[in-house]
Amino acid sequence: MTSPESVESSSALSPIEQSLDLVTEVPGPRSQELMARRASAVSGGVGATHPLFVTRGGGGILEDVDGNRLIDLGSGIAVTTVGNSAPAVVQNVQQQVELLTHTCFMVTGYEPYLQVCEKLNELTPGGHEKKSALFNSGAEAVENAIKIARHYTGRSAVVAFEHGYHGRTNLTAGLTGKAMPFKKGFGPFAPEIYRVASSYPLRDGGRDGHTAAADAISRMQVEIGADQIAAIIIEPIQGEGGFIVPADGFLNDLAQFAKDNGIVFIADEVQSGFARTGTWFASEQFDLVPDLITTAKGIAGGLPLAGVTGRAEIMDAVHVGGLGGTYGGNPVACAAALGSIQTMVEQDLRQRAVELGELMVSQLQELADQTDVIAEVRGRGAMVAVEIVEPGTLTPDPALTKEILTRALSAGVVVLSAGSYGNVLRFLPPLVISDDLLHEGLNIVTGIVTELAGAR
């Protein structure tokens with residue numbers, strides 16, 4: 001949709017210097033003022049990881065309302081993979097918003113919706129015939145994937161996994177494996193959801209992937225019945241659960257069990273998709289070809305868009321009118337997605353994710369070797385985490401994790417946490433961040449960890 005000339009010209013619209021620069025304390029006075037206004041105007045149920053308000057971003061930098069430039073190692077939870085306000089995304093959005101902002105694809109069609117579906121069908125794993133449908137958020141994509149699987153199979157049971165995260169709606173919260181803050185007080189949840197143990201190599205006591213899968217499959221057969229299961233849904237790399245990479249063979253054995261028993265295998269790639277792990281989708285890391293795959297977050301450079309892509313015969317099983325939504329596949333969001341995908345291709349961000357991952361793992365593993373509060377450094381590509389524990393143990397230390405985040409922000413680095421136990425630091429830098437900026441951010445974080453570990 002965007003020409004090289006237009007991308008070049010749009011890049012000059014809002015340049016932001018790629019350097020850390022703190023001109024006030026963080027959070028500064030203006031952020032503190034806005035946080036007070038937030039407390040008066042916004043529901044207390046809406047969380048705030050960092051007491052910070054930002055005005056703009058680009059590359060690996062976020063600029064706050066006080067004029068501080070901070071290093072972004074979170075990408076808005078893996079959303080701004082191509083950087084904030086990426087030139088191709090901006091240009092596409094500007095062009096589209098002048099032409100058409102909405103009509104609802106179920107009322108009258110528009111080409112950007114088709115173009116995004118065609119890209120999803122092309123890029124997702126597997127050479128089989130595929131079709132897609134577009135929605136607004138990852139949770140909405142997951143809900144629709146479950147609807148499709150139930151309709152296709154005529155069954156009702158859905159299997160999810162410990163440490164999994166699939167969203168905040170009633171159904172997806174039911175699928176999610178963590179009570180606080182996602183589930184407490186919000187039940188009862190949708191029925192016919194069953195949870196089995198996943199593969200968590202750090203905490204599995206040496207159990208390999210095949211054994212872990214066999215245990216999960218045995219529970220499905222005994223407690224549910226394979227012929228009652230509509231879908232098995234799992235994140236190939238668990239995101240909110242702490243960037244848990246399953247042991248070899250685990251996912252493949254589950255997928256084979258699903259195939260053998262007419263069960264739809266759904267890969268939730270909302271956080272791990274779109275070049276984040278060094279391949280288009282994390283499923284490729286395990287030679288996994290899902291029946292359905294859900295996407296969102298990094299797809300559209302910061303605009304709300306999500307998709308379900310899968311085998312044509314499964315996607316077409318739903319009656320006409322059974323899928324859709326007023327805003328699903330909004331033309332402006334679709335235009336942004338085309339610009340985001342274009343950027344990933346032109347800048348070879350899959351390879352860049354590999355390079356960034358190698359830099360992060362090297363530096364973080366050195367930190368782990370020097371302290372006794374890191375149980376593991378793990379991840380794939382630019383989806384990397386460290387698990388923080390009490391010294392020399394596997395006991396989670398969420399308090400230390402929170403302290404690291406707080407001090408990192410004060411020093412100008414935005415980092416996120418994760419994990420079922422609240423003890424994982426996750427690193428999700430924009431894939432367009434420079435090596436120097438990434439090293440600087442990591443140096444700050446590692447210095448803080450070293451200092452805090454030495455004081456324990």
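Trainee: What share of the 456 residues in the protein do buried residues make up?

Mentor: Keep in mind that we're looking at a predicted model. A residue goes in the buried group if its relative accessible area is under 20%. Of the 456 residues here, the buried share comes to 54%.

Trainee: And how does the radius of gyration of the protein sit against the globule rule?

Mentor: Start with the parts: the protein has 14 helices and 15 strands. For 456 residues the globule rule gives 23 Å, and the protein is close to that, so it's as compact as a globular protein of that length. The C-alpha trace spans about 60 × 60 × 45 Å along the principal axes. The radius of gyration itself is 22 Å.

Trainee: Is strand β7 mostly covered or mostly open, and how many of its residues are buried?

Mentor: Look at residues 229–234, the stretch that makes up β7. The strand is mostly covered. The buried count is 6 of its 6 residues.

Trainee: Which residue in β8 does I232 stand opposite?

Mentor: I232 belongs to β7, where it's the bridge partner of V159. On that side, β5 (residues 157–161) runs parallel to β7, with 3 bridges joining them. β7 also runs parallel to β8 (residues 264–268), this time with 4 bridges. In β8, the residue opposite I232 is F265.

Trainee: Why does the pair F105 and Y110 count as edge-to-face?

Mentor: A search of the whole structure turns up 7 aromatic pairs. For F105 and Y110, the ring centres are 5.5 Å apart. Planes over 60 degrees apart count as edge-to-face, so what settles it for this pair is the plane angle of 80°.

Trainee: Of F105 and Y110, which counts as buried?

Mentor: F105 has a relative accessible area of 26%, so it's partly exposed. At 9% relative accessibility, the buried one is Y110.

Trainee: What about F274 and W280: at what angle are their planes?

Mentor: Both of these residues, F274 and W280, are buried. Their ring centres are 6.4 Å apart, and the pair is edge-to-face because the planes are at 85°.

Trainee: Over the ring of which residue does the charged end of K183 sit?

Mentor: Here a charge meets a ring, with the end of K183 placed 5.5 Å from the ring centre. The ring belongs to F189.

Methods. Residues are numbered from 1 along each chain as its sequence is written. This is a predicted model: local features need pLDDT of at least 70, side-chain atom pairs count only at pLDDT 80 or more; totals for chains, interfaces and linings use all residues. Side-chain values use heavy atoms; hydrogens and water are left out. Buried means under 20% relative accessible area, exposed over 50%, partly exposed in between (1.4 Å probe, protein chains only). Helices (H or I, at least four residues) and strands (E, at least two) are DSSP runs, numbered from the N terminus. Two strands pair if DSSP finds at least two bridges between them. Rings of Phe, Tyr and Trp (its six-membered ring) pair if their centres lie within 6.5 Å; planes under 30 degrees apart count as stacked, over 60 as edge-to-face and the rest as tilted. A charge sits over a ring if NZ of Lys or CZ of Arg is within 6 Å of the ring centre and within 35 degrees of the ring normal. The radius of gyration is taken over C-alpha atoms; the globule rule is 2.2 Å times the number of residues to the power 0.38.
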